[in-house]
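Hi everyone, thanks for coming.

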Amino acid sequence: MSGLPTASELERLACDAAERCGVTLSAPLGIASIRSPINGSPFGSISGAEVVDIDTAVERARRAIEEWRLVPAPLRGALVRRLGDLLSEHKSEIATFISLEAGKITSEALGEVQEMIDICDFAVGLSRQLYGRTMSSERPGHRLMETWHPLGVVGVITSFNFPAAVWSWNTAIALVCGDCVIWKPSELAPITAHACAALLERAIAEVGAPRYVSQVVLGGADAGQELVDHPGVALISATGSTNMGRAVGPRVAARFGRSLLELGGNNASIVASSANLDLALRGIVFGAAGTAGQRCTTLRRAIVHESVVETLVERLAATYGRLVVGNPLQPGTLVGPLIHEAAFTTMSNAMGAAQEQGGSLVVGGERLLHDEAPDAYYVRPAIVRMASQTEIVRKETFAPLLYVLSYSDFDEAIQIHNDVPQGLSSSIFTSDQAEAERFMSADGSDCGLINVNIGTSGAEIGGAFGGEKETGGGRESGSDAWRSYMRRATNTVNFSGELPLAQGVEFTV
Ligand code: NAD
């Protein structure tokens, strides 16, 4: 394990990346200092952005939308195309900000920006494919069809662990749909947000789109709540913990707004007796230890057939022992820091609770590098074997803590799999096609994402992303998730010269 960078080294990295992106990071803008989980110390502050309150932002967005909604969708796509180009040009700079603020290893930070470029590509194509249906009318000389219109102002609230990609999933789609976006990023990653917004602002100026189709408001839960309660915001797309969703969902519903909730997961992989254990091992290690266990799709439970559980646990323990934990900016590191002290405390408490509930620690859980950086929280990813799915296993612990459970028959595996409150991502490793099909069928996994022979984390943008139960039910990104960002109008056109009523109703005066 190598030394961690000093605060001034991180600051230099941030300033260089900022300069290359055209973002100013000198005097503070309502944020005294921004902490990096890499060494736990402050490394920067923001200037050059205007501080706006939510009322002003919504008012500006409402004015912008009057123009933007009338721009033909394929022309709106030109803005998103330019954003994608700028993201490609500044891929490494945005990745640097992501690493500095979220602690991601460079490869995963670059992957996050690649996902942003991919969703821009997708949205540009989509801008020519916002299709409505034509239905057969029951009345002669009538046409029945649907058209899709922009919804209005979209409020996007994002979590720290995908500080840029979640914004782009929403924004690229919302913009081609003709909406205006107000982004409330995680308070833990304001510089990443500021840099992404600066690139979009440049794209807006270059293509001549209305200035306020996209805005950022910085702040914590209070700012998020104000956005949530604002009657001028048609859709709230909120990504974060289930606790956050529990607060947000009812408030949006109370004003009859629309919400798209992307909340916590408690994802599992079933490893069947016929599984290719080499594949399973790699899928499990990336799923559980990658991103330091801080993805919504992180693997939290491995449900392993009793005939292979001993071998697999042994191989996992050996592999976990070789994981390089440390400076995420250094090549070769696989596991970066936890976001903050609270995350480490939550992980330690969960490990304690698991052991009280009958679990036995296989490997990991110890804090690393604390002598060098007392305010940074590096931890060796942990595995705990559980005899049953106890209360603690049913909770999402947002850290690299994997529970291993075993099963004897496939029905039992599915029952354990689904017996948690969350429903985001799931996977099965098997060579038995019937098992794989059953897992994807109506009485198989109850999650929004169901994978075969790959792990739970690392989804592509082409599919709709999201999950059921306490994960919130929202879907964003690919497939037909765009429909959440538009309003549907059903049109009936009568060209018959008569006025026949539907269902044969007679009403002649
Ligand atoms: P968090 O809930 O602490 O914060 C997320 C965002 O919500 C932040 O911007 C925060 O300021 C805001 N917020 C918090 N309370 C709010 C309130 N009452 N009203 C309005 N806004 C509020 O989550 P986090 O720690 O940043 O992220 C980790 C969590 O996010 C995990 O549970 C993870 O599973 C989840 N997550 C889910 C997805 C998904 O797509 N399902 C993706 C990424 C992360």
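This is a predicted model: local features need pLDDT of at least 70, side-chain atom pairs count only at pLDDT 80 or more; totals for chains, interfaces and linings use all residues.

**Around the ligand, and beyond**

Which of the 29 residues around the ligand come nearest? Those are S159, G224, G240, E262 and C296. Two elements, α8 (221–229) and α9 (242–254), each give two or more residues to the shell. And α8 supplies the largest share of it, with four residues.

Now on to a pair of helices. Take α3, residues 73–89, and α5, residues 106–126: they pack at about 160 degrees, and their axes are 9 Å apart. The cut-off for roughly antiparallel is over 145 degrees, so α3 counts as roughly antiparallel to α5. On the α3 side, the contact is made by G77, V80, R81, L83, G84, L87 and S88. Facing them on α5 you've got V113, M116, I117, C120, D121, A123 and V124. By type, the contact has nine nonpolar residues, three polar and two charged. Oh, and the crossing of α3 past α5 is left-handed.

Last stop, D375. You'll find D375 in the loop between β13 (367–368) and β14 (378–379). Is D375 buried, exposed or partly exposed? D375 has 14 C-beta neighbours inside 10 Å, so it counts as partly exposed. Leaving out residues up to four places away in sequence, D375 touches G40 and S41. And D375 and P37 are 338 residues apart along the chain, yet their C-alpha atoms are separated by 8.1 Å.

Key:
Residues are numbered from 1 along each chain as its sequence is written. A residue is near a molecule or strand if its C-beta atom, placed from the backbone, lies within 6 Å of it. Axes are lines fitted to C-alpha atoms, for helices over the stretch in contact, and angles run from 0 to 180 degrees between N-to-C directions. Angles under 35 degrees count as roughly parallel, over 145 as roughly antiparallel, 65 to 115 as roughly perpendicular and the rest as oblique. A crossing is left-handed if the near helix is turned anticlockwise from the far one by less than a right angle, and right-handed if clockwise. Two residues are in contact if their C-beta atoms, placed from the backbone, lie within 7 Å. Ala, Val, Leu, Ile, Met, Phe, Trp, Tyr, Cys and Pro count as nonpolar, Asp, Glu, Lys and Arg as charged, and the others, Gly among them, as polar. A residue is buried if 20 or more other C-beta atoms lie within 10 Å of its own, exposed if 12 or fewer, and partly exposed in between; C-beta atoms are placed from the backbone.
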